[in-house]
Amino acid sequence: MSHVIAVTGATGAQGGGLVRAILAQPEAGFTVRAITRDPGSPAAVALAEAGAEVVRADLDDRASLVAAFAGAHGAFCVTNFWEHFDPELEQTQAANLAAAVAEAGVRHAMWSTLEDVRDSVPPADPRMPTLMGRYKVPHFDAKGASDKLFRATGVPTTLLRTCFYWDNMISFGMGPQPGADGVLELSLPLGDAPLAGIAAADIGACAFGLFAAGPPAGCPTVGIAGGHPTGEQMAAGLTRALGRPVRYRAIALQHYRALPIPGADELANMFQFNTEFAEAYCGVRDVEHTRTLHPGLLGFDAWATARAADLAGALAGAAA
């Protein structure tokens, strides 16, 4: 008998990657229930055509989540801060997910999470600006603070610590751009520190590896990454992928905070945390262990080569 894995965020980066991973390996004994607010959207219809069971539910509606998780062996729980920029709402949605997992009797939950930066840099610490009165990196802090909600359910839960999406260079405007002299520059406030990162699609494949391994004892934390490249190493990989020079420009945090992009202050704090706590941040995201979960894991160079056309398209779109 197949085990059903219910996947929230099924049309997004993480959930979509997990849906595709399950559909690609029917011999593993799992089927997938793709959960979305809009089953009629083109992305949801495409999942149904690929073989997924598509079910409507909303993270703001706990009862709909209980119904969507009913009878499922596993549940992948993910929230999307960037949809609303509201850490309080994100924690409410996490509470709904945790309660629904317990009420539906799910045997293996997985919560896509990040560190609560305030454990390392308290709100009163002046080293990093405090945002919204109580947060340091809201999209980290809200997820990390919600870990306890899943621990309290008693449901075997994997706390999956993800990391920086390399795909942000395509979809989030973080890729290389022409400098004053026309040479492409990758501008990030990383100094010479490494940054744990991963191809977004690989997160879902790693989650599938964890589901396939079976429910955990208790509520372990598992960190994943495809690599820990520095800015210089990423620029070198982009140079090879794009076939034109890309140099790394380490910009100051105060300059990054002033950029005219949504959430610039939050992203600057994120990069500050990534750099000042790089050893610990990368240390809990072991690449070789990640590869045991997903043997097809891409390193940065392999990802850049595979997505060269998309990187070039993002570059052309930004210049238009």
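A residue is buried when its relative accessible area is under 20%, exposed when over 50%, and partly exposed in between (1.4 Å probe, protein chains only). By that rule T36, at 10% relative accessibility, counts as buried. This is a predicted model, where local features need pLDDT of at least 70, side-chain atom pairs count only at pLDDT 80 or more, and totals for chains, interfaces and linings use all residues. Residues are numbered from 1 along each chain as its sequence is written, and side-chain values use heavy atoms, with hydrogens and water left out.

**Residue T36**
- T36 sits in strand β2 (residues 30-36). Strands (E, at least two residues) and helices (H or I, at least four) are DSSP runs, numbered from the N terminus.
- Contact means heavy atoms within 4.5 Å. Leaving aside neighbours within four places in sequence, T36 is in contact with T11, A44, V54, V55, R56 and A57.

**Nonpolar cores**
- A nonpolar core is a set of buried Ala, Val, Leu, Ile, Met, Phe, Trp, Tyr and Cys residues, joined through side-chain atoms within 4.5 Å.
- The largest nonpolar core has 71 residues, and L18, F76 and F271 touch the most other members. Helix α7 (residues 200-213) gives the most to this core, with 7 residues.
- Apart from it lies another core, of 24 residues, including I35, A68, A100 and F150.
- Not counting residues up to four places away in sequence, F76 touches A6, V7, T8, Q14, G15, L18, M110, S112, L160, A207 and F211.

**Helices α1 and α7**
- Two packed helices are described by the angle between their axes and the distance between the axes.
- Axes are lines fitted to C-alpha atoms, for helices over the stretch in contact, and angles run from 0 to 180 degrees between N-to-C directions.
- The axes of α1 (residues 13-24) and α7 come within 7 Å and cross at roughly 55°. The two helices are therefore oblique to each other.
- Angles under 35 degrees count as roughly parallel, over 145 as roughly antiparallel, 65 to 115 as roughly perpendicular, and the rest as oblique.
- A13, Q14, G17, L18, R20, A21 and I22 in α1 meet A200, A201, I203, G204, A205, A207, F208 and F211 in α7.

**Helices α5 and α10**
- Helix α5 (residues 138-151) packs on helix α10 (residues 264-276) at about 70°, with axes 8 Å apart. That makes α5 roughly perpendicular to α10.
- P138, H139 and F140 of α5 make the contact with E266, M270, F273 and N274 of α10.
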